Amino acid sequence: MLDKLKSTSSGPDLIPSWFLKLAACSIAEPLTHLFNLSLSTSIVPQQWKQAIIKPIPKVTQPTTCTDFRPISLTSIPSRILQRFVVKTSLYPLFRNPSLSHLFTDQFAYIPTGSTDAAIISILHHVTNILSSNSYVHLNALDFSKAFDTLKHAPVFTKLAALPIPDNFYNWIADYFKGHSHVTMYNRSTSNSLFINASVFQGSVVGPPIFSLNGSDLKPVCKGNFLDKYADDSYLIVPSSQESTIEEELDSIAKWAATNNLSLNRSKSAEMIIFKNEKTKSATTLGPPLYSIARVEKMKVLGVTFSSTLSFNSHVDSITQTAAQALYAIKLLKSHGLDNKSTKLVCHATVISRITYAVPSWWGFVTTEEKKRLQSIVKRAIKWGFYDPHSHNLEQIVEKRETELFSKILLNPSHVLHHLLPPVKQNSHNLRPNAHNRQLPEKGGALFSKTFIQRLIFKDVY
């Protein structure tokens with residue numbers, strides 16, 4: 001663990017990561033003894049529960065405390081042990097087939113979870129509903145300071161009901177008990193205070209615990225969906241069931257109150273999604289009755305699309321920021337940045353931006369929009385920022401999609417595995433196919449653009 005330690009900020013003990021890595025051979029044995037003693041007794045040393053909070057600005061020009069994100073830094077040995085506890089005790093819960101129904105709608109801080117998977121699931125549900133409904137309500141829900149106010153008692157009631165070893169349960173419970181912090185800002189340090197709520201942003205054990213806490217947040221009515229990425233929750237309701245939205249929101253608000261959270265309707269948003277512009281023009285909608293603003297475009301986990309599932313705004317944003325990044329790289333190169341570093345910067349700032357969550361939305365963009373994105377890569381090649389022998393954009397996307405689909409097919413514990421159609425039962429041998437799944441009926445033009453549907457039919461014929 002020490003050998004693989006990456007550069008990271010030190011905690012209250014001020015022991016830097018480079019020192020722990022350098023001294024690994026000498027300190028591994030005594031540190032192992034401390035770890036084993038802590039796990040066997042389910043006691044976390046008080047020094048490993050002390051944290052430094054370093055506020056990180058959430059906006060360009062912060063003016064109040066709410067404009068900062070409180071990142072909690074415990075000592076590095078504490079984080080190493082937390083990582084072991086998470087991998088050994090919490091991840092097996094998320095992978096447990098008998099518990100899959102609890103976590104298939106949560107896509108953050110769990111194995112196989114990602115923003116790609118979350119957006120794929122949301123678009124899968126929305127387009128599938130549109131196959132038999134005129135429109136869909138997509139509600140992006142906001143919980144005020146969810147990570148910082150979560151009550152510990154409900155979390156451990158839920159954790160105790162799961163098949164977690166007693167010593168790990170008691171260790172996690174002890175970690176949250178008596179946790180203290182100081183705040184450091186502008187070279188000033190506050191007095192130490194104990195924390196009786198929160199999952200400690202910046203800790204290793206906190207985020208998975210937060211995801212686990214949402215395991216009992218489910219839709220009230222069958223046919224509605226609730227997809228979650230940490231504290232970002234998306235309620236999806238068909239037009240045929242729009243009368244249930246208020247009931248769903250009340251249920252979510254009650255769940256939030258039980259967990260010491262608050263559903264902030266003023267910062268939540270609703271978008272009505274239609275099959276196309278023609279259907280949208282022919283539909284008369286009444287005003288929302290549940291105090292949530294209605295919008296024409298919505299950014300879902302960094303990807304923007306409209307009420308007709310057009311991703312033109314997202315492509316516009318990518319091309320604009322990519323053009324600015326390429327110009328900035330050009331300036332860096334003119335000031336002496338070497339070719340290898342130039343290509344690394346280009347890949348980190350341009351290519352990664354273009355391909356962010358690309359499997360989820362690639363099927364929805366038009367040929368013209370794909371050409372606009374490819375033109376960015378061509379410009380990077382022309383200016384010498386990208387290797388002309390590397391994959392072009394189409395090849396990058398195809399590789400990403402194929403790898404993700406293979407993981408979903410081969411891993412029954414994958415968060416998207418339940419979206420696959422049933423396994424095809426054959427009584428005779430046929431030539432090898434791309435997969436062993438039944439080919440479902442195509443549920444409309446939009447549904448056929450979703451990731452699962454596109455890859456199910458790819459290379460089959």
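1. A strand here is a DSSP run of E with at least two residues, a helix is a run of H or I with at least four, and both are numbered from the N terminus. In those terms, Gly302 of this predicted model sits in the loop that links β11 (297-300) to β12 (303-306). With a relative accessible area of 28%, Gly302 is partly exposed, because that class lies between the buried limit of under 20% and the exposed limit of over 50%. Leaving aside residues up to four places away in sequence, Gly302 touches His314 and Tyr356. Between the C-alpha atoms of Gly302 and Asp231, which are 71 residues apart along the chain, the separation is 14 Å.

2. As for the chain as a whole, the protein chain contains 17 helices and 12 strands. Its radius of gyration is 24 Å, close to the 23 Å that the globule rule gives for 461 residues, so the protein chain is as compact as a globular protein of that length. Taken along the principal axes, the box filled by the C-alpha atoms of the protein chain is roughly 65 × 60 × 60 Å.

3. Of the 461 residues in the protein chain, 47% are buried, and among its contacts with a separation of 6 or more, 69% are between residues 24 or more positions apart. The accessible surface of the protein chain comes to about 23,100 Å², and carbon and sulfur atoms hold 55% of that surface.

4. The next point concerns a sheet. Five strands form an open sheet with mixed pairing, and their order is β7-β8-β3-β9-β10. The edges are taken by β7 and β10 (293-294), each of which has a single partner strand, so one side of each is left without a neighbour in the sheet. Strands of a sheet pair through backbone hydrogen bonds, either parallel or antiparallel.

5. Within that sheet, strand β8 (residues 232-238) deserves a separate paragraph. Strand β8 is mostly covered, since six of its seven residues are buried. Strand β3 (residues 135-141) runs antiparallel to β8 and is joined to it by six bridges, while strand β7 (residues 225-229) is also antiparallel to β8 and is joined to it by five bridges. Ser233 in β8 stands opposite Leu141 and also opposite Lys228, and Ile236 in β8 has Phe225 opposite it.

6. In the hairpin of β7 and β8, where two residues lie between the strands, Ala230 takes a positive phi near 55°. Thr112, a residue other than glycine, has a positive phi near 70°; Thr112 is found in the loop between α4 (100-103) and α5 (115-130) and counts as partly exposed at 29% relative accessibility. Asn260, again a residue other than glycine, has a positive phi near 65°; Asn260 lies in the loop between α10 (245-258) and β9 (269-274) and counts as partly exposed at 39% relative accessibility.

7. Although Ile119 and Val303 are 184 residues apart in sequence, their C-alpha atoms are 8.3 Å apart in space.

8. Just after α8, Gly178 takes a positive phi of about 75°.

Note on methods. Residues are numbered from 1 along each chain as its sequence is written. This is a predicted model: local features need pLDDT of at least 70, side-chain atom pairs count only at pLDDT 80 or more; totals for chains, interfaces and linings use all residues. Side-chain values use heavy atoms; hydrogens and water are left out. Buried means under 20% relative accessible area, exposed over 50%, partly exposed in between (1.4 Å probe, protein chains only). Contact means heavy atoms within 4.5 Å. The radius of gyration is taken over C-alpha atoms; the globule rule is 2.2 Å times the number of residues to the power 0.38. Accessible areas come from the Shrake-Rupley method with a 1.4 Å probe; for residues, only the protein chains shown count as cover. Two strands pair if DSSP finds at least two bridges between them.
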